[in-house]
Amino acid sequence: MTRRKILISLMAVSLGFFFLINVANAQVVSKTKMAGKVSVTMKVLPAETFEGAGAEMKWDGGASAVTMNSAPKPNHHLVAFLKEGGKPVENASVMISYRELSPEKSDWTSLPVCRMHVAGKGMDTAHFGNNLWLAKGEYEARVTVNKNPAVTFHFELTK
Ligand SMILES: [Cu+2]
């Protein structure tokens, strides 16, 4: 092997590691609870894009999407997927609020909730929520769907 080829393979290997580390770093939280007859799956995903050619989310109602160029730049996507009788719920009035429990205790903050679906995947993937910035720590999120009692989820972000 020439020196140049060795250098290129080293670069490819380190690029591979870079992607691996990033995938491993993408923290995903998913929890499900019942709110009346509606099953509410709260997810905390890495922030998703709403704009540009390869946009991951298609906004389709409610509050404005918090885009990647918002300040502070969002690092998470806090959303609720709803099902009733095993079928995805597309239309609902959804309120989401959250608060930090540790390291600092904060007041409840309401998330501007928009409805979206996964771009190109149709309304079966409809969900409610938004991008936001959250520091590492423990949190509680409260999701209210229509007139059902609110459901509370506890989650921890390690990054
Ligand atoms: Cu989304």
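# Notebook: fold, copper site and strand β8

I counted 1 helix and 11 strands in the protein chain. Helices (H or I, at least four residues) and strands (E, at least two) are DSSP runs, numbered from the N terminus. From the N terminus on, I read the order as α-β-β-β-β-β-β-β-β-β-β-β.

I noted the ground rules next. This is a predicted model, in which local features need pLDDT of at least 70 and side-chain atom pairs count only at pLDDT 80 or more, while totals for chains, interfaces and linings use all residues. Residues are numbered from 1 along each chain as its sequence is written, and side-chain values use heavy atoms, with hydrogens and water left out.

**Whole chain**

I looked up burial: 35% of the 159 residues of the protein chain count as buried. Buried means under 20% relative accessible area, exposed over 50%, partly exposed in between (1.4 Å probe, protein chains only). The accessible surface of the protein chain is about 9600 Å², with 58% belonging to carbon and sulfur atoms. These areas come from the Shrake-Rupley method with a 1.4 Å probe; for residues, only the protein chains shown count as cover. I then took the contacts with a separation of 6 or more: residues 24 or more positions apart account for 60% of them. Contact means heavy atoms within 4.5 Å.

**Copper site**

Which residues coordinate the copper ion? I found Met57 (SD), His77 (NE2), Met116 (SD) and His127 (NE2), at 2.1 to 2.4 Å. Donors are N, O and S atoms within 2.8 Å of the metal (3.2 Å for Na, K and Ca); water is not among the atoms, so sites may look incomplete. The angles among the 4 donor atoms run from 94 to 133°, and the site is tetrahedral. For four donors, that label requires all angles to lie between 85 and 135 degrees. The ideal angle for four tetrahedral donors is 109.5 degrees.

In sequence, the donor residues are spaced M-x19-H-x38-M-x10-H. Met57 sits in strand β3 (residues 57-62) and His77 in strand β4 (residues 76-84), so this pair ties together parts 20 residues apart in sequence. Both Met57 and His77 are buried.

**Cores**

I checked the largest nonpolar core, which has 26 residues. A nonpolar core is a set of buried Ala, Val, Leu, Ile, Met, Phe, Trp, Tyr and Cys residues joined through side-chain atoms within 4.5 Å. Val40, Met42, Leu78, Leu82, Ile96, Val143 and Phe155 touch the most other members. Apart from this core lies another, of 6 residues, including Leu45, Phe50, Cys114 and Met116.

I placed Arg115 in strand β8 (residues 114-118). Arg115 is buried, at 18% relative accessible area. Its side chain makes a polar contact of 3.0 Å with that of Asn91. A polar contact is a pair of N or O atoms within 3.5 Å; within protein, one must be able to donate a hydrogen and the other to accept it, and residues adjacent in sequence count only if both atoms are side-chain atoms.

His117 is also placed in strand β8. At 12% relative accessibility, His117 counts as buried.

Val113 lies in the loop between β7 (109-111) and β8. I logged Val113 as buried, at 16% relative accessibility. Its C-alpha atom is 8.9 Å from that of Gly61, 52 residues apart along the chain.

Key
Four donors count as tetrahedral if all angles lie between 85 and 135 degrees; four count as square planar and six as octahedral if opposite donors are over 155 degrees apart and all others between 65 and 115; anything else is irregular.
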